[in-house]
Amino acid sequence: MDMRQIRHFDALYRLRSFRLAADEQGLTHSALTKSLQRLEADTGLSLFDRTTRQVVPTSAGERLAARARELLRGMGDFEAEARALKGGVEGNLRIGASPQPAESLVIDALTRFTPANPTVRVAMESALQPDLIGALMAREIDFAVLGWIAFEPVHFEEDVLIEQLGAEPSVIVARGGHPLVQAGAPSEAYLDYPWAAAHFAEEDYRHFPGDFAVEMKRRGIPQLRLESVSACLELSRRTDILTGVARSIGERAVERGGVTLVEYPFEVETRYAILRRRDRSLLPAAGRLRAEIVEIARERGWRGR
């Protein structure tokens, strides 16, 4: 029996699917099956009832799942401590962020964090929520920072700590000389122009009011689906293409010149949260960066904290 088998058991217990558990653990279906079979042979217990449609823990599997969590939590603490000691006190820090906080909240936190922690190497991955949660559960990142109009349900929420940071209004960004800005047109008229958005997914339409969402889909908005918020803002600065961002990002774009902000015809907010695993303690450096992010959210007075 080894910790890899415990991790595989925990993944299958949480996901109730050999395919999903194998994907999360980076294994083939057959490799995961063999690992679980060895664990069952080592314990002399049947841990799952397997049917053609689902995987259900046996009573023994249910009882051992809690013990597995304790073991993995302890291993996570051990790994964190070892990583902190390797090559000095600090080491490497890996975080994930969705596009908007990646280019505002996290950058502002790093501006404060880096001078005080010069020996820490920070790597940041920008992605959408499902990919960030996958990286978090695979232990590829220390924590994730979400920021979008609404969050998708977090699967296996019992395994993830969700720290709500609050919300701020979202706004439309247009170049200063945009025809609709010059004419003082209502914001509904802005659908007549092309839009750009970072990492926009089909399911995101449902976060807008019904009639507005229907019209967006009918017109194919956003016509440009890009990788970064900065690219969307630059297009809005140079052309008549529009984009929507959190107010703090929009205000920063206004300071740089060339754009103006327009209110949506309905209330739209960008919500923020930090996600991390319950069974894994943060490294000291990760804890300090998290604290900087929380402090910036507090200073900005975001609602709903």
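**Exercise 1.** Find the bridge partner of Trp195 in strand 9, then state which strands pair with strand 9.

*Solution.* In strand 9, Trp195 has Leu242 as its bridge partner. Strands here are DSSP runs (E, at least two residues) and helices likewise (H or I, at least four), numbered from the N terminus. This is a predicted model, in which local features need pLDDT of at least 70, side-chain atom pairs count only at pLDDT 80 or more, and totals for chains, interfaces and linings use all residues. Residues are numbered from 1 along each chain as its sequence is written, and side-chain values use heavy atoms, with hydrogens and water left out.

Next, take strand 7 (residues 195-198): two bridges link strand 7 to strand 9 in the parallel sense. Two strands pair if DSSP finds at least two bridges between them. Then take strand 6 (residues 160-175), which runs antiparallel to strand 9 and is joined to strand 9 by four bridges. Here Val173 has Thr243 as its bridge partner in strand 9.

**Exercise 2.** Decide how many residues of strand 9 are buried.

*Solution.* Buried means under 20% relative accessible area, exposed over 50%, and partly exposed in between (1.4 Å probe, protein chains only). Strand 9 covers residues 242-246, and four of its five residues are buried.

**Exercise 3.** Explain why the buried residues of helix 9 line one face.

*Solution.* First list the buried residues of helix 9 (residues 210-219): Phe212, Ala213 and Met216. Seen down the axis of helix 9, these buried residues fall within an arc of 95° (taken over the directions from the helix axis to the C-beta atoms), so they line one face. On the other side of helix 9, Asp211, Val214 and Arg218 are exposed.
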